[in-house]
4 protein chains.
Amino acid sequence: MDRKVTTREALLEAALSVFTEHTYAGSIVPMVAERAGVAVGTMYRHFPSKQALGNAVYQQWKGLLLDRLRVPAEGMSTRAEFAHVWAVLRDFATEHPEAFAFLEYQQHAGYLDDDSEKLTDLTNRLGAELVARGQERGEVRAGDPNLLVALAYGAFIGLAKAAWSGLPVTAAEFDAAEAAVWDLLRRS
Amino acid sequence: MDRKVTTREALLEAALSVFTEHTYAGSIVPMVAERAGVAVGTMYRHFPSKQALGNAVYQQWKGLLLDRLRVPAEGMSTRAEFAHVWAVLRDFATEHPEAFAFLEYQQHAGYLDDDSEKLTDLTNRLGAELVARGQERGEVRAGDPNLLVALAYGAFIGLAKAAWSGLPVTAAEFDAAEAAVWDLLRRS
Amino acid sequence: MDRKVTTREALLEAALSVFTEHTYAGSIVPMVAERAGVAVGTMYRHFPSKQALGNAVYQQWKGLLLDRLRVPAEGMSTRAEFAHVWAVLRDFATEHPEAFAFLEYQQHAGYLDDDSEKLTDLTNRLGAELVARGQERGEVRAGDPNLLVALAYGAFIGLAKAAWSGLPVTAAEFDAAEAAVWDLLRRS
Amino acid sequence: MDRKVTTREALLEAALSVFTEHTYAGSIVPMVAERAGVAVGTMYRHFPSKQALGNAVYQQWKGLLLDRLRVPAEGMSTRAEFAHVWAVLRDFATEHPEAFAFLEYQQHAGYLDDDSEKLTDLTNRLGAELVARGQERGEVRAGDPNLLVALAYGAFIGLAKAAWSGLPVTAAEFDAAEAAVWDLLRRS
DNA sequence: AATGAATGAGGATTCATTCAT
DNA sequence: CATGAATGAATCCTCATTCAT
């Protein structure tokens, strides 16, 4: 249908790819332009600066991840919520491995603007809230929710990074890991 | 003994700090020199290039971490080995948080030389071997050892990153996490 | 009559305005196009280049000024001629303050072509000839005619610039200045 | 003695020369660097930007001119004050023709910063104050002081520009012009 | 050894000009 | 004839590296 990719989209895609490969600071604009198949000046017709492009890429993907993670969990048990979140992360990291790598395997401080940082905060908060809810219900063990999230999300990132680095990670293995990580969170 | 910090040491320390804060590509040599309290030219008397300095920092700390992780585990159970490794990581990340952040929270591909990459490989192998040993003994559950390590090390990194970002993480919490992560590895 | 402003005229007008505000080199083509209410490409259908546009603007106004200054002064006294020239300048600077500012308050060397420079020369000559005539008749004091013109025209430019910068300059003041400047030229 | 010209001085001198020749916007940094006999990067060690260099040049010369014009005129008649100011301008324009051309024959709006504009204002005020004083004493004719200054300073600029363009202007001619311009100001 | 001003290749950004629609 | 997105050479600026002191 809409086979025509807009220039802006081509640039965002190229930038994601180049930034993921070389880090933001290690990337040069001509490389992004070339990978997008456009001239350097064209980038500047769509984004006011390299930094703006970096933030656009960040917001595009962090925003999508946040949207997917935000599900009205009314009436769900925390166990079910956790399963859902894990599935969302797994799907995101499977469908958009480059984007997940860009978001989670490198450091962004230094070029993110306020909007980007707001997205980061909102995303971080989501996990802590899930855990806190679980603790209130007695489903999740005691401890600083941020720490529990750090542990669990860290485990997920480790798994995804392994997949990104070439290791074959099957759905079954994602499921096994999910169970194991829930074990790590649940009331003993 | 160490009555005098050598210029080289001051440079390595400054570089660690600057690279951790701004990433390698995002750091500029004069900033490193200034933080070390020396002139730019002085850096070039101790290291042939920025890249060499980057690799020196990487090798200094990755090497120290590897040394500490390498313990002749003859006769130890995998459970005990794991506890030991966890303690080494905890101590390293507690004593040298900046170094751990430098090593694990950012991307190094792009400037590491062969020696540095060899250290990375050796370190990665260590974990997989521990897990494989545990599987042979029936202490650790089935699955690709690399994946299990990714999961467990990811969890540790998550925890350490939380501590690095300012969250208070007590020894008790490291211990609780250790138990939880072992649960994630052990035979069910 | 002039029911429709042609695109070309709109461009010349916009260019005059932009060049006067930002100087020729400091102006950018899209700004001219925007102020003319057309697309950038449209400018290039009417003028082959920015430089050609600059010269067109210069010639339009320098040409008009020259035309007005050229009056067959047969039989007039130099005093009368001077009064006439002053009146022409006053009217021009009053009716077309932006054009006068463009022509006289900035430097054009660097983009003017031969035709433009010929206009400049012709205009400059006019004044010197008037003075020379006056000297022959004994109406104007001795001295290099170019210098006397420089003095008198400088005074006029100063006055016009003051008006341009916002000072209210009445017709009476122009007249008083005319008398004073003639005093500066006439036989003592 | 101090035959060694500092790099900063060489840059200011080169910049004055290039800006005078091509206008600020029409000048390119490498041209300035080359004329100063240094590399481009060197300019940026001494001035943070092209704009800062432009302002430094402007302030250097406008500041010097202002300093010279500022003379405690206690007890002097306005006639004497005027003679002094004229002499100062003549000397300045004779000794530093390039600087005077830079300051007075082109438009600076667009890159001047607040400090530069303050200097412009202070300089402009000086003339108006002289005239106002003269009017109070009955030495100068009635009229907006700013207008009278515009007329007189315009005449001076015209003369100096003529000299700059190659016309030989002798001291005697400067004196004659001074008398003529005073005539233009004085009570009739 | 240490210094830091100078260098200039390289990277970010601008803008006159083109051309497919 | 008009449009304005695209182009890429030209321009501003940075920063790893050198070298005279």
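Two residues are said to be in contact if their C-beta atoms, placed from the backbone, lie within 7 Å. This is a predicted model, in which local features need pLDDT of at least 70 and side-chain atom pairs count only at pLDDT 80 or more, while totals for chains, interfaces and linings use all residues. Residues are numbered from 1 along each chain as its sequence is written, and chains are lettered from A and ligands numbered from 1 in the order in which they are written.

With that criterion, no contact joins chain B and chain C, whose closest C-alpha atoms lie 33 Å apart. Chain B and chain D do not touch either, and their nearest C-alpha atoms are 13 Å apart. Chain A and chain B, by contrast, are in contact through 31 residues of chain A and 31 residues of chain B. On the side of chain A that touches chain B, helix 8 (145-164) and helix 9 (171-185) each supply at least two residues, and the largest share, 12 residues, comes from helix 8 of chain A; helices here are DSSP runs (H or I, at least four residues; strands are E, at least two), numbered from the N terminus.

The contact between chain C and chain D likewise takes 31 residues from chain C and 31 residues from chain D. Helix 8 and helix 9 of chain C are the elements that give two or more residues to the side that touches chain D, with helix 8 of chain C providing the largest share, 12 residues.

Both pairs can be described by a superposition, done by least squares on the C-alpha atoms of residues with pLDDT of at least 70 in both copies. Chain A is superposed on chain B by a rotation of 180° with 0.0 Å of shift along its axis, at an RMSD of 0.1 Å, and the same surface serves both copies, since 100% of the contact residues of chain A recur in chain B. For chain C and chain D the rotation is 180°, the shift along its axis is 0.0 Å and the RMSD is 0.1 Å, so these two copies are related as by a two-fold rotation axis. Here too the same surface serves both copies, as 100% of the contact residues of chain C recur in chain D.

The helices of this second pair can now be followed one by one. Helix 8 of chain C and helix 8 (residues 145-164) of chain D pack at an angle of about 140°, with their axes 6 Å apart, where axes are lines fitted to C-alpha atoms, for helices over the stretch in contact, and angles run from 0 to 180 degrees between N-to-C directions. Helix 8 of chain C is therefore oblique to helix 8 of chain D, given that angles under 35 degrees count as roughly parallel, over 145 as roughly antiparallel, 65 to 115 as roughly perpendicular and the rest as oblique. Within chain C, the axes of helix 8 (residues 145-164) and helix 9 (residues 171-185) come within 10 Å and cross at roughly 165°, which means that helix 8 of chain C is roughly antiparallel to helix 9 of chain C. Residues of helix 8 of chain C that meet helix 9 of chain C include C:Leu148, C:Leu151 and C:Leu159, and among their partners are C:Ala177 and C:Val181.

C:Leu159 also touches C:Val169, C:Ala177, D:Leu147, D:Ala150, D:Leu151 and D:Gly154, not counting residues up to four places away in sequence.
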